[in-house]
Amino acid sequence: ALRNLRDKCEEYQHKLNPNYLQHLVNHLMGTFFKHYRLYQFVLCEDRVIDQTVYDLVVQIPHEAPSLKDGVSAELWKYQKQITELSEAEDQLRAGMVAFRETMQLKSEQELEKFYEDLKFQDKEVIERANLEKIIKAAHEIQMSVASELLQKEIETAFQILDLKIQKTTISLPATKSLQSPVTKETKTGRKGKKK
């Protein structure tokens with residue numbers, strides 16, 4: 001490469017200004033030939049590619065809602081409180097439905113266990129006193145479950161009523177008008193001169 005440069009410099013020595021030729025040689029020596037071995041390594045050597053790939057998740061922000069749909073902070077707090085109270089009421093109702101189902105299952109299981117413990121023969125005649133005891137015991141099982149269910153129903157009803165009262169007692173914030181206040185126009189009159 002240096003030999004080729006020298007040959008070209010000798011060839012163009014008479015055609016170029018010696019200053020330009022000197023600057024050209026200095027430039028090539030200071031850039032290309034200074035890093036010649038690096039270029040040779042990069043362009044001619046086989047290299048092992050060591051590549052690492054990272055998957056980056058970029059979350060795009062949600063589109064901002066229109067400003068015309070915006071509400072004041074007080075109204076937003078009011079709506080949030082009403083929503084929270086409604087959700088709490090729905091949770092109480094759902095909890096009561098689940099409790100009813102649980103109590104129904106408990107009642108069925110207790111009665112089934114009670115009837116299994118009796119162990120009557122198919123043809124055995126039950127005396128009236130024993131029959132009354134059996135009916136009374138079955139009635140007590142059902143009444144204890146019904147009592148527990150009724151107590152829970154009353155507690156839940158009072159809690160729901162309390163939430164409804166809270167909903168009605170929350171005051172709706174006053175809406176602010178965006179229009180400028182109306183100004184009263186005053187009439188100015190002229191007093192005429194009397195002649």
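Q: How many salt bridges does this predicted model contain, and what makes a pair count as one?
A: The count in the predicted model comes to 5 salt bridges, where a pair qualifies if a side-chain nitrogen of Lys or Arg lies within 4 Å of a carboxyl oxygen of Asp or Glu.

Q: Why is the pair R93 and E89 called a salt bridge?
A: The closest N and O atoms of R93 and E89 are 2.8 Å apart, and the cut-off asks for a distance within 4 Å between such atoms, so the pair meets the rule. R93 and E89 are also separated by about one helical turn, because they stand 4 residues apart in helix 4.

Q: What makes the salt bridge of E153 and R100 a tie between separate parts of the chain?
A: The closest N and O atoms of E153 and R100 are 2.5 Å apart, which is within the 4 Å of the rule. E153 lies in helix 5 and R100 in helix 4, so this pair ties together parts that are 53 residues apart in sequence. At 25% relative accessibility for E153 and 36% for R100, both values lie between 20% and 50%, so each residue counts as partly exposed.

Q: How do you know that E148 and K106 link distant parts of the chain?
A: The side chains of E148 and K106 meet in a salt bridge at 3.3 Å, N to O, and the pair joins E148 in helix 5 to K106 in helix 4, 42 residues apart. E148 is partly exposed at 34% relative accessibility, and K106 is partly exposed at 31%.

Q: Which residues are joined into one network, and what joins them?
A: E89, R93, K164 and K167 form one network, joined by salt bridges that share partners.

Q: Why is S107 called buried?
A: S107, found in helix 4, has a relative accessible area of 12%, and because the limit for buried is under 20%, S107 counts as buried. Leaving aside neighbours within four places in sequence, S107 is in contact with Q142 and V145.

Q: Why is L43 called exposed, whereas L161 is called partly exposed?
A: L43, in helix 3 (residues 36–44), has a relative accessibility of 68%, and since exposed means over 50%, L43 counts as exposed. L161, in helix 5 (residues 128–169), reaches 43%, which lies between 20% and 50%, so L161 counts as partly exposed. L161 and E89 are 72 residues apart in sequence and 9.0 Å apart in space, C-alpha to C-alpha.

Q: What makes up the nonpolar patch and the patch of negative charge on the surface?
A: The nonpolar patch is formed by F32, Y36, L38, Y39, F41, V42 and L43, with about 670 Å² of accessible area together. The patch of negative charge gathers E108, E112, E116 and D117, of which E112 is found in helix 4 (residues 73–118).

Q: What is the secondary structure of the protein, and what share of its residues counts as buried?
A: The secondary structure comes to 5 helices and 0 strands, and 11% of the 195 residues count as buried.

Note on methods: Residues numbered from 1 in each chain as written. Predicted model: local features only at pLDDT ≥ 70, side-chain atom pairs only at ≥ 80, totals over all residues. Heavy atoms only, no water. Patch = residues over 30% accessible without salt bridge, like charges linked within 9 Å, V, L, I, M, F, W, Y side chains within 5 Å. Areas by Shrake-Rupley, 256 points an atom, 1.4 Å probe, with all protein chains shown as cover. Lys, Arg positive; Asp, Glu negative; His and termini not counted. Charge placed at Lys NZ, Arg CZ, Asp CG, Glu CD. Helix = DSSP H or I, 4+ residues; strand = E, 2+ residues; numbered from the N terminus. Buried < 20%, exposed > 50% of the residue type's maximum accessible area, 1.4 Å probe, protein only. Contact = heavy atoms within 4.5 Å.
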